[in-house]
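Work through the exercises below with the sequence and the 3D structure in view. Each task is followed by a solution in steps.

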Amino acid sequence: MTEIEIYSAALCPFAHRSRLTLLEKGVPFQLIEIDLQNKPANFRDISPYGKVPVLKHGDQRVWESALINEYLEEVFPNPSLLPKSPIQRAHARIWINFADTRLFAASGKLLYGSPDPQQQTAAAKELIEHLQFIEQEGLRKLSDNGPYWLGTEISLVDFTYYPLFEQWAVLEHFRGVKFPTQLDRLKQWCDTMANHESVRVIAHSPEFYIEHYARLAQRLATPATNKI
Ligand SMILES: N[C@@H](CCC(=O)N[C@@H](CS)C(=O)NCC(=O)O)C(=O)O
């Protein structure tokens with residue numbers, strides 16, 4: 001029997017982070033796909049927040065993707081996905097926190113927030129400003145010559161952010177927000193990640209995401225209103 005199980009949903013960027021971490025570490029796992037529109041009756045027994053991802057390791061459970069990834073890093077330390085020095089680890093965690101508290105929050109607001117065009121334009125602007133911040137303060141300062149966020153070694157930071165960019169076509173299709181290709185370090189990083197082996201193993205196409213989001217949320221299937 002597989003020791004590790006992950007409760008996941010194909011469209012969930014947070015579950016995607018933890019699946020990538022498992023794959024990168026070569027940890028065998030059983031994937032349990034949850035239909036979030038029709039959750040199993042006992043799902044709260046498994047997931048106290050009613051969300052995916054949840055990791056089951058034997059009798060133990062961990063939830064919240066960033067914490068699942070930290071747990072995996074501790075239990076399966078090779079290959080290491082955090083830097084060795086305390087200050088670099090702190091910086092990695094600052095960027096993981098930025099993803100959760102700012103970037104993914106902004107993209108969520110844009111996709112699921114108010115349909116009011118003015119509010120959508122404001123949400124799109126906020127999202128692009130976060131990307132500019134990442135380009136200047138993250139990739140240009142920390143990545144050096146790259147190719148990864150923290151330099152030569154891939155890390156939990158890369159796996160934390162990449163799922164949003166794999167799904168960018170959804171933001172463009174439903175909200176008219178184009179990927180800002182002028183942010184050349186970010187563009188290079190996205191290209192590197194898209195070609196990374198563990199990413200490719202479970203990658204979905206832009207068409208897959210658009211089709212599934214349209215089915216998932218009728219309210220998303222409105223014409224693009226933004227010009228960013
Ligand atoms: N902060 C959480 C976010 C997880 C989350 O929002 N998951 C969504 C799918 S992407 C979910 O399960 N939503 C179901 C619900 O809220 O009912 C994490 O990082 O794990």
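**Exercise 1.** Describe how the axes of helix α1 and α6 cross, and which residues make the contact.

Solution. Step 1: the axes of helix α1 (residues 13–25) and α6 come within 8 Å and cross at roughly 140°. Axes are lines fitted to C-alpha atoms, for helices over the stretch in contact, and angles run from 0 to 180 degrees between N-to-C directions. Helices (H or I, at least four residues) and strands (E, at least two) are DSSP runs, numbered from the N terminus.

Step 1: that angle makes α1 oblique to α6. Angles under 35 degrees count as roughly parallel, over 145 as roughly antiparallel, 65 to 115 as roughly perpendicular and the rest as oblique.

Step 2: on the α1 side the contact is made by P13, H16, R17, L20, T21 and E24, and on the α6 side by L156, F159, T160, P163 and L164. Two residues are in contact if their C-beta atoms, placed from the backbone, lie within 7 Å.

Step 3: sorted by class, the contact of α1 with α6 has six nonpolar, three polar and two charged residues. Ala, Val, Leu, Ile, Met, Phe, Trp, Tyr, Cys and Pro count as nonpolar, Asp, Glu, Lys and Arg as charged, and the others, Gly among them, as polar.

The model is predicted: local features need pLDDT of at least 70, side-chain atom pairs count only at pLDDT 80 or more, and totals for chains, interfaces and linings use all residues. Residues are numbered from 1 along each chain as its sequence is written.

**Exercise 2.** Is α4 roughly parallel or oblique to α6?

Solution. Step 1: helix α4 (residues 86–112) and helix α6 (residues 156–166) pack at an angle of about 10°, and their axes are 9 Å apart. Step 2: α4 is therefore roughly parallel to α6. Step 3: A92, W95, I96, A99, L103, F104 and S107 in α4 meet L156, V157, T160, Y161 and L164 in α6. Step 4: the residues of this contact divide into 10 nonpolar, two polar and no charged.

**Exercise 3.** Which residues surround the ligand?

Solution. Step 1: the shell is A9, C12, F14, L36, G50, K51, V52, P53, E64, S65 and A66; a residue is near a molecule or strand if its C-beta atom, placed from the backbone, lies within 6 Å of it. Step 2: by class, this shell has seven nonpolar, two polar and two charged residues. Step 3: look at the backbone at P53 and E64. The peptide bond from V52 to P53 is cis, with omega near 5°, and P53 lies in the loop between α2 (43–46) and β3 (54–57). E64 has a positive phi of about 75° although it is not a glycine; its place is in the loop between β4 (60–63) and α3.

**Exercise 4.** Where is P147 found?

Solution. P147 is in the loop between α5 (117–142) and α6. A cis peptide bond joins G146 and P147, with omega about 10°.
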